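Hello,

Here is the structure I said I would pass on. Please look through it first; my notes come after it.

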Amino acid sequence: MMRLALLLGCVLAARIALGEPAGNADSGHKLARQCRTCHGINGYAKIPIAPHIGGETAGYIARQLTSFREGRRSHEMMSVIASGLTDTDIRDLAAWYASIPIRAALPDGADTADAPIECTGCHGSEGIAVIPEAPNLAGESLVYIETQLKAFRVGKRQHPDMNRIAAGLSDEDIRTVARWYTQINFAVLP
């Protein structure tokens, strides 16, 4: 029993050290009712302009919600919704969506060697982020990925790496990147 408590304490300490907020997933599940119209209760987006958020890291979700709440990131709907969230609400929502198991797989015939090289170091060749600061892109809609890349390119969204990378992408490059990640089979698991 003592070993289990020590192990759980180490896991919690590691998550906090990695910026993973310690929230209550059950409370987050209840709060997610307000997210379900766009993102789905399980984090699988219901509309093409919303991202899938199931399976994202808790730290990533918390940073995005906090950015919307504090006005560092702007969206007509998300800014309004996030403005009413407390720090606890954000941690709980982040814990809920991070707890959802996901799966991503390339379609038959696709080869990871064809993945957009400028993206794979952070977002992975199969669209599952390989660093905690990056979102998953697997199975996102074409319109969502294109919109976000263009927002980074013109500076509407701010991130030092993404602004630099997107600035060097043509509209056709953006379409190619979006097509790669859109083709990936993404699923939230029961």
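This is a predicted model: local features need pLDDT of at least 70, side-chain atom pairs count only at pLDDT 80 or more; totals for chains, interfaces and linings use all residues.

**Helix α9 and its surroundings**

Which residues of α9 are buried? In this helix, which covers residues 160-167, they are Met-162, Asn-163 and Ala-166. Looking down the axis of α9, these buried residues fall within an arc of 100 degrees, so they line one face of the helix. Pro-160 and Arg-164, on the other side of α9, are exposed.

**The chain as a whole**

The chain has ten helices and two strands. Along the sequence their order is α-α-α-α-α-α-β-α-α-α-α-β. There are 190 residues in the chain, and 40% of them count as buried. Of the contacts with a separation of 6 or more, 65% are between residues 24 or more positions apart.

**The cavity**

How many cavities of 30 Å³ or more are there? The count comes to one. The largest cavity holds about 40 Å³ of space. Its lining is made up of His-52, Gly-54, Glu-56, Asn-136, Leu-137, Ala-138, Glu-140 and Phe-186. Sorted by class, the lining of this cavity has three nonpolar, three polar and two charged residues.

Regards

Methods
Residues are numbered from 1 along each chain as its sequence is written. Side-chain values use heavy atoms; hydrogens and water are left out. Buried means under 20% relative accessible area, exposed over 50%, partly exposed in between (1.4 Å probe, protein chains only). Helices (H or I, at least four residues) and strands (E, at least two) are DSSP runs, numbered from the N terminus. The arc is that of the directions from the helix axis to the C-beta atoms. On a 1 Å grid over the protein atoms alone, a cavity is a set of points where a 1.4 Å probe fits but cannot get out, and a pocket is an open set with protein on both sides within 12 Å along at least five of seven lines; lining residues have an atom within 4 Å of a point. Grid points are joined across faces, edges and corners, and a volume is the space filled by probe spheres set on the points. Ala, Val, Leu, Ile, Met, Phe, Trp, Tyr, Cys and Pro count as nonpolar, Asp, Glu, Lys and Arg as charged, and the others, Gly among them, as polar. Contact means heavy atoms within 4.5 Å.
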